[in-house]
Amino acid sequence: MDARQLGIGIVATGALAQVTGLGLDAWLHSSADRDIDGALALENVGHVLFVGGLVAVVVGAVLALVGPRLYAPTANAGPGRRLAQFGAPAAAVLLVVAGLSGASSSSLTGTTEASSASGTAGDGHTDHDHEAEPVRCDLGMNTAAYYRGAVEAGMDLAGGGDGHDHAEPGPVGGLGETAAAPAGDAGGGHDGHDGPQAWTPITDPATCAQLETELDQAAAVAARYPTPVEAKAAGYVMVTTYIPEIASHWMNFAHVDDEFVIDQPEMLLYDGTGDDATMVGLSYYLLSDGEPSPDQTFVGGNVEFHQHVGLCVKGTLVVGGSGTSAEECAARGGRKGGGSNAWMAHAWVVPGCESPWGVFSASNPKLTAELGRASGRGAPCSGSGATYDDTPGLPAELASLVAGAPPA
């Protein structure tokens with residue numbers, strides 16, 4: 001037997017089988033109605049041809065390299081030599097099959113566990129023929145309390161949806177009849193805007209880095225105005241008294257226009273109305289015929305804008321909400337305002353006052369009536385009477401619910 005020629009022939013046959021198998025496998029995977037995968041899946045003929053061809057190449061190479069010596073004619077071929085003659089190809093085959101079996105159970109070939117944990121795309125294919133899920137870089141923008149609250153509210157943490165209707169932003173009635181009541185006695189926040197805000201995932205590191213920078217800048221701005229004393233010195237005047245969930249609002253009318261400038265917030269938010277009140281957040285107020293576009297505010301597209309249309313205003317102070325009639329407003333010495341082209345967004349960037357409903361949520365549940373009664377006492381929001389987990393980022397127990405969450 002010419003072992004060298006036989007080995008070369010087997011190698012050529014195996015190589016042809018591999019090429020054919022790869023082509024057939026590609027065709028099978030391009031069919032949307034196929035549900036086959038795994039390196040050793042016998043229902044995929046392409047896989048079978050490829051694996052068989054690989055085995056043939058290895059066996060043929062063994063024969064071509066060691067065959068001439070191993071199978072050279074000899075008159076005294078003992079049991080050991082015959083065992084070597086038959087055992088060498090068999091050992092080569094077993095080694096190849098064992099290696100392929102191990103590979104077929106790894107994440108590289110897409111077993112059931114791998115696909116369920118990291119990338120079944122809905123068509124039966126797994127990670128080895130699909131790009132990996134982009135890793136999110138925005139999960140530290142909100143606190144653990146936000147994510148737990150979002151799950152309780154039935155939000156889709158992977159897709160940014162929530163249980164609220166934000167399709168057509170309209171008037172918000174939270175600045176209601178109690179807007180001019182004494183601090184701590186006002187009731188209600190942003191009607192229809194209670195609960196965690198919607199959040200669109202961010203996977204672009206540059207966008208995340210920019211958003212982190214912008215939030216840090218906003219926090220630095222808030223730190224410049226720890227009390228209304230600094231706010232008044234900078235030209236801010238009180239426009240609402242303290243209202244639970246949205247605080248008291250102090251506006252600088254010189255900043256009101258159609259431009260978003262981080263270090264010039266149109267409004268500063270405090271836990272009361274006195275000079276000793278404590279800063280709790282910022283509010284940006286933009287003039288626009290339609291809802292401001294994402295490029296007019298913080299990057300990332302997650303700012304939650306809202307409106308207050310038809311408030312009753314006396315001088316610069318809101319004395320009645322949107323539902324106040326013209327007659328009622330006049331009786332209070334005020335007039336009904338417009339506001340249809342005015343859009344407001346909050347940024348809860350003060351340490352201790354992070355909103356459990358999202359950094360840009362329209363309302364903040366930490367701003368309780370109790371906080372208003374304890375205005376100016378202690379650290380920001382420390383007198384709210386409510387405890388939340390302000391640890392930045394996604395809790396480990398919820399990681400499996402968020403597509404693209406980095407490994408724990």
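1. Helix H5 and its end. Helix H5 is followed by Gly154, whose phi is positive, near 80°. The helix covers residues 144-152, and its buried residues are Ala144, Ala145, Tyr146, Tyr147, Gly149 and Ala150. Here buried means under 20% relative accessible area and exposed over 50%, with partly exposed in between (1.4 Å probe, protein chains only). Helices (H or I, at least four residues) and strands (E, at least two) are DSSP runs, numbered from the N terminus.

2. Basis of the model. This is a predicted model, in which local features need pLDDT of at least 70 and side-chain atom pairs count only at pLDDT 80 or more, while totals for chains, interfaces and linings use all residues. Residues are numbered from 1 along each chain as its sequence is written, and side-chain values use heavy atoms, with hydrogens and water left out.

3. Confidence. The protein chain has an average pLDDT (the predictor's confidence in each residue, from 0 to 100) of 78, and 68% of the residues score at least 70. Over residues 106-130 the pLDDT stays under 50, and the model has 39 contacts for them beyond four places in sequence; contact means heavy atoms within 4.5 Å. Residues 161-192 also have a pLDDT below 50, with 77 contacts in the model beyond near neighbours in sequence. Where pLDDT is low, the predicted coordinates should not be read in detail.

4. Overall composition. The protein chain contains nine helices and eight strands. Of its 408 residues, 44% count as buried. Among contacts in the chain with a separation of 6 or more, 64% are between residues 24 or more positions apart.

5. Helix H6. Helix H6 comprises the 19 residues 205-223; at 1.5 Å a residue these should span 27 Å, which agrees with the 27 Å between its end C-alpha atoms. The expected span is 1.5 Å times one less than the number of residues. Buried in H6 are Cys208, Leu211, Glu214, Leu215, Ala218, Val221 and Ala222. Seen down the axis, these buried residues fall within an arc of 140°, so they line one face of the helix; the arc is that of the directions from the helix axis to the C-beta atoms. Exposed on the other side of H6 are Pro205, Ala206, Asp216 and Ala223. The cover over the buried residues of H6 includes S4.

6. Aromatic pairs. The structure holds eight aromatic pairs. Rings of Phe, Tyr and Trp (its six-membered ring) pair if their centres lie within 6.5 Å; planes under 30 degrees apart count as stacked, over 60 as edge-to-face and the rest as tilted. Trp250 and Tyr270 form an edge-to-face pair, 6.0 Å centre to centre with 80° between the planes. Trp250 lies in strand S2 (residues 247-251) and Tyr270 in strand S3 (residues 267-270), so this pair ties together parts 20 residues apart in sequence. Both Trp250 and Tyr270 are buried.

7. Tyr284 counts as buried at 3% relative accessibility, and Phe298 is buried with a relative accessible area of 2%. One aromatic cluster is formed by Trp199, Phe260, Tyr284, Phe298 and Phe360.

8. Pro228. This residue lies in helix H7 (residues 228-233) and is buried, with a relative accessible area of 0%. Not counting residues up to four places away in sequence, Pro228 touches Trp250, Tyr270, Gly274, Asp275 and Ala277. Pro228 and Gly274 are 46 residues apart in sequence and 7.2 Å apart in space, C-alpha to C-alpha.
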